[in-house]
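Good morning. I have one structure to go through today, and I will keep to a few places in it.

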Amino acid sequence: MTVLRPVRAGNAFEETVERLLQAIKLGVVAPGAKLPPERELAVQLGISRVTLREAIRALQEAGYLDVRRGRYGGAFVTYVPPQPGTGDLRRVVADMGTADLTDALTFRMAVECGAAAVLAASDLTDEQRAVLRRRLADLDEARVEDYRRLDTAFHLSIAELTGSPLLAAACADARLRVSDLLNAIPMLQVNLEHAASQHQAIVAAILAGDPEAARRAVAEHLEGTAALLRAFLS
């Protein structure tokens, strides 16, 4: 899980909360699922277990985690993205600001198109190819309630498979900036079918080793999402 990358020592507590919250809100750790074991998570984040416990306690108090003790205990995710409602998208955009919205969409376009092109230009192993196909299959078979989480996993896997932690972190950051917007859009069957064909085009271009086609396929997909946002805001 690239989002759970090491934090800087100077702001260890704050950045630990940020990393955990990012993993929760992006659905990297699904609702009802358990965070990695404390010892493993502390090593992954490069922090002390004391700092980790403080961060988990803060997220528990904020309602994002449920900490259970005992043999089958751990920190379980309780956060569930809200269902889209009338006016939710406008509220998110109002809170965000039009300039920040435009910037977030531009940032996402740049890093995700770049990640797809980099991956398509790589000499992919059989394992990498299998991971990409599996993420696509998971998304194609997703239930509506799991769709956003598995869509995030698919998009982030492209950056993660490049092997660049910086690029993967940038794509996770870009996704997080628009996650509330995406959660506020009703999931329409025709849109899901269109997105499915676009996802397949992205994977086909990457597996064919065609960086420009991969870049174009991602750009078309993200432009479609931006158009849908504009449609619901009009």
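I will take the annotated domain, then a pocket, a cavity, some salt bridges and a surface patch.

Please keep in mind throughout that this is a predicted model.

Let me start with the record. The UniProt entry, which is unreviewed, carries the annotation "domain: HTH gntR-type" for residues 10-80. In the model, that stretch is 49% helix and 11% strand. Its end C-alpha atoms are 31 Å apart.

Next, the second largest pocket. Its volume is about 340 Å³. There are 18 residues in the lining, and those closest to the centre are Glu 38, Ile 56, Val 67, Arg 69 and Ala 75.

Now the inside. How many cavities of 30 Å³ or more does a search of the whole structure find? The search finds one. The volume of the largest cavity is about 40 Å³. The residues lining the largest cavity are Glu 112, Ala 115, Ala 116, His 155, Ile 158, Ala 159, Cys 171 and Val 218. Two elements, α5 (98-120) and α7 (147-161), each give two or more residues to that lining.

On to salt bridges. Side chains of opposite charge can pair when their charged atoms come close. The cut-off used here is a side-chain nitrogen of Lys or Arg within 4 Å of a carboxyl oxygen of Asp or Glu. By this rule there are twelve salt bridges. I will show three of them.

The last pair is Glu 212 and Arg 215, with 3.9 Å between the closest N and O atoms. Why are the two about one helical turn apart? Because they are three residues apart in helix α10. Glu 212 is partly exposed at 41% relative accessibility, and Arg 215 is partly exposed at 36%. Salt bridges can also share partners, and in this way Arg 143, Glu 145, Asp 146 and Arg 149 are joined into one network.

Finally, the surface. Leu 188, Val 190 and Phe 232 form a nonpolar patch there, and together they have about 260 Å² of accessible area. Phe 232 belongs to helix α10 (residues 211-233), the helix that also holds Glu 212 and Arg 215. How exposed is Phe 232? Its relative accessible area is 33%, so Phe 232 is partly exposed. A patch residue needs over 30% and no salt bridge.

That is my list.

Key: Residues numbered from 1 in each chain as written. Predicted model: local features only at pLDDT ≥ 70, side-chain atom pairs only at ≥ 80, totals over all residues. Heavy atoms only, no water. Patch = residues over 30% accessible without salt bridge, like charges linked within 9 Å, V, L, I, M, F, W, Y side chains within 5 Å. Areas by Shrake-Rupley, 256 points an atom, 1.4 Å probe, with all protein chains shown as cover. Helix = DSSP H or I, 4+ residues; strand = E, 2+ residues; numbered from the N terminus. Buried < 20%, exposed > 50% of the residue type's maximum accessible area, 1.4 Å probe, protein only. UniProt positions renumbered as here; feature names shortened; annotations may be inferred. 1 Å grid on protein atoms, 1.4 Å probe; cavity = no way out; pocket = protein on both sides within 12 Å on 5 of 7 lines; lining within 4 Å. Points joined across faces, edges and corners; volume = space filled by probe spheres on them.
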